[in-house]
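Let's take a walk through this protein, from its overall make-up down to a few residues worth a look. Keep the viewer open as you read.

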Amino acid sequence: MILRSTIASLLLLSKSAHSEKHDDPVDKDLITMQSTNVYDVVIIGAGWAGLGAARTLQSKGKTNFLILEAEDSVGGRCRTVEIDDDTTAELGCQWIHGATTANPVYNIAKSSGIATIESIGNVAYYSDAGLQDTTNRDQSLRQTADKYVKNKNLQGDTRLGFEYALDTNIPQNYAASLEDLSLWWWDSDSHISGPDHLIEQGPGKGYSGVLEHYASPVANTINFDSSVTSINWSSSSKVIVSYTKNGQASTVEAKKVILTVPLGVLQEGSISFTPALPSWKLQAINKLGMGVYNKVIMRWKDDETLPWPSNIEWLNRIASLGEQGHWTEFFNLKPATGKHVVVAFSAGRESERVESLSDDSIKSEIMDSLEAMFGTLSVPEPAQIVITRWKANPLSFGSYSYYKLGSEPKHRRDLGKALGSRVFFAGEACHLKYMSTTHGALMSGQAAANAAATSLKTRAIRGFIQEETVQHETSDAFLLSEVHVS
């Protein structure tokens, strides 16, 4: 009797502890979840962040994952296009910034066998410490610049030089107008020390060639032409992702999701969430800015006589007051590629204006600007022209993120935070130090994959404990019945 009473008491204590654990809904779902048709991870997007996440999961032995990519190829905002039979150019990402072994994108490019070429002709920056105004309230850079002009009484050519320096140094780098950039946070990004490199151009080369090389070990996990429409994260054990492919609606289930779509897509609300995103996440999405930085790529025949020096990369125009940013930045690819290719850039609000124009109107404006730069020298029309419209692109709604007036680093941190350890966020906009860069996107994808893998491991351990608990309860009950029988 004493033995039977003691065992019964121990079993009651054991069951009490077990029942407390069963009150956790996550663990109940672990017991009932059928894992055979559920991926460990679904990655949304096959740009640098998505591929970085996939390669990281693979390196950790996690191979039960799927990548959903809306385009018909990898790369996202990194895309190399053919202009003619032997000439290519970059629609999006142009340089590897800080091209040293400290930059993982540079290392990947080197491992691909595609050469990188150091950018040699960058324009010297004009700067003045007086531009950093002292204020206890955030304001736009335009307000600050106007104060500086007034205080210093800048006039004539000095004023023109100042406005030129502002445009080439800030909007052309941050893809946003001075009116929209936060004085406090506009330049809070970090840089990997080192030169800027271009990637060798030609069929199968460029950024796309590097990305295809990097994607090759996970290529069989990518489902192309798959546009995600909704994410249901209401369950504690799985996430349901809905998408369309060739006009047909489909769903897929996963224990974890890594979402790498551009900030512009989140701002546009192209993907619905159930339950709705929490207020802190929505605030992060809406406070940050999505910049617009467009290119007009012009190709002349190689035997064409052009009025600008063939060994100079940057051909920049100091325009009349009020015209800064209006076709003032031209990048000459002849030194790097040997081809007569020049890229004209537009940024911020000016770039949004340009997107509304026809191709012919854009070309006409650029030719007027080139003729203004080179005077009476004849500027022949290019044989081919390629124009980007990143703001209008429904898969990006912009080029890359920036600190809009009213935003701060907290919003970027919140953008990158996971939802319930089930939906993880990645992309250049999520990286606190290297936003707006390819290496920032890659690193954020790797970090999200590490977090997801750790979460999977934790759940697996808890699932094992649950299984052991059920087995012990069964054997304990059997032991008790044996004691009673005896």
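Helices and strands here are DSSP runs, of at least four residues for helices and at least two for strands, and they are numbered from the N terminus. Counted in this way, the protein has 15 helices and 20 strands. Please keep in mind that this is a predicted model.

## The chain as a whole

The protein has 486 residues, and 50% of them count as buried. Among contacts with a separation of 6 or more, 73% are between residues 24 or more positions apart.

Val386 and Val296 are 90 residues apart in sequence, yet their C-alpha atoms are 5.7 Å apart in space. Which residues does Val386 touch once its neighbours within four places in sequence are left aside? They are Ile83, Leu91, Lys295, Val296 and Ile297. Val386 has a relative accessible area of 22%, so it is partly exposed, because the buried class takes in values under 20%.

## Two helix pairs

Two packed helices are described by the angle between their axes and the distance between the axes. The table sets out two such pairs.

Let's start with H10 and H14. The crossing of H10 and H14 is left-handed. On the H10 side, the contact is made by Trp280, Lys281, Gln283, Ala284, Ile285 and Lys287, while H14 brings Lys410, His411, Asp414, Leu415 and Gly416. By type, the residues of this contact between H10 and H14 are four nonpolar, three polar and four charged.

Now turn to H4 and H8. Val105, Ile108, Ala109, Ser111 and Ser112 of H4 meet Tyr207, Val210, His213 and Tyr214 of H8. Which kinds of residue make up the contact of H4 with H8? Six are nonpolar and three are polar, with no charged residue.

## The disulfide

How many disulfides does the structure hold? There is one. The disulfide is formed by Cys78 and Cys93, with their sulfur atoms 2.4 Å apart. The link of Cys78 and Cys93 is left-handed, with -105° about the S-S bond. The two cysteines are 15 residues apart and link distant parts of the chain: Cys78 is in the loop between strand S2 (65-68) and strand S3 (80-84), and Cys93 is in the loop between strand S4 (87-90) and strand S5 (95-96).

Is Cys78 buried or exposed? Cys78 has a relative accessible area of 2%, so it is buried. Another cysteine, Cys430, is buried as well, at 18%.

## Backbone details in loops

A few loops deserve a visit. Thr274 and Pro275 are joined by a cis peptide bond, with omega at about -5°. Pro275 belongs to the loop between strand S12 (272-274) and H10.

Asp225 is not a glycine, although its phi is positive, at about 55°. Asp225 is found in the loop between strand S8 (222-223) and strand S9 (226-232), and with 34% relative accessibility this aspartate counts as partly exposed.

Asn246 also has a positive phi, near 55°, in a residue other than glycine. The loop that holds Asn246 runs between strand S10 (239-245) and strand S11 (248-259). Asn246 has 67% relative accessibility and so counts as exposed, because that class begins over 50%.

Note on methods. Residues are numbered from 1 along each chain as its sequence is written. This is a predicted model: local features need pLDDT of at least 70, side-chain atom pairs count only at pLDDT 80 or more; totals for chains, interfaces and linings use all residues. Side-chain values use heavy atoms; hydrogens and water are left out. Buried means under 20% relative accessible area, exposed over 50%, partly exposed in between (1.4 Å probe, protein chains only). Contact means heavy atoms within 4.5 Å. A disulfide is a pair of cysteine sulfur atoms within 2.5 Å. A crossing is left-handed if the near helix is turned anticlockwise from the far one by less than a right angle, and right-handed if clockwise. Ala, Val, Leu, Ile, Met, Phe, Trp, Tyr, Cys and Pro count as nonpolar, Asp, Glu, Lys and Arg as charged, and the others, Gly among them, as polar.
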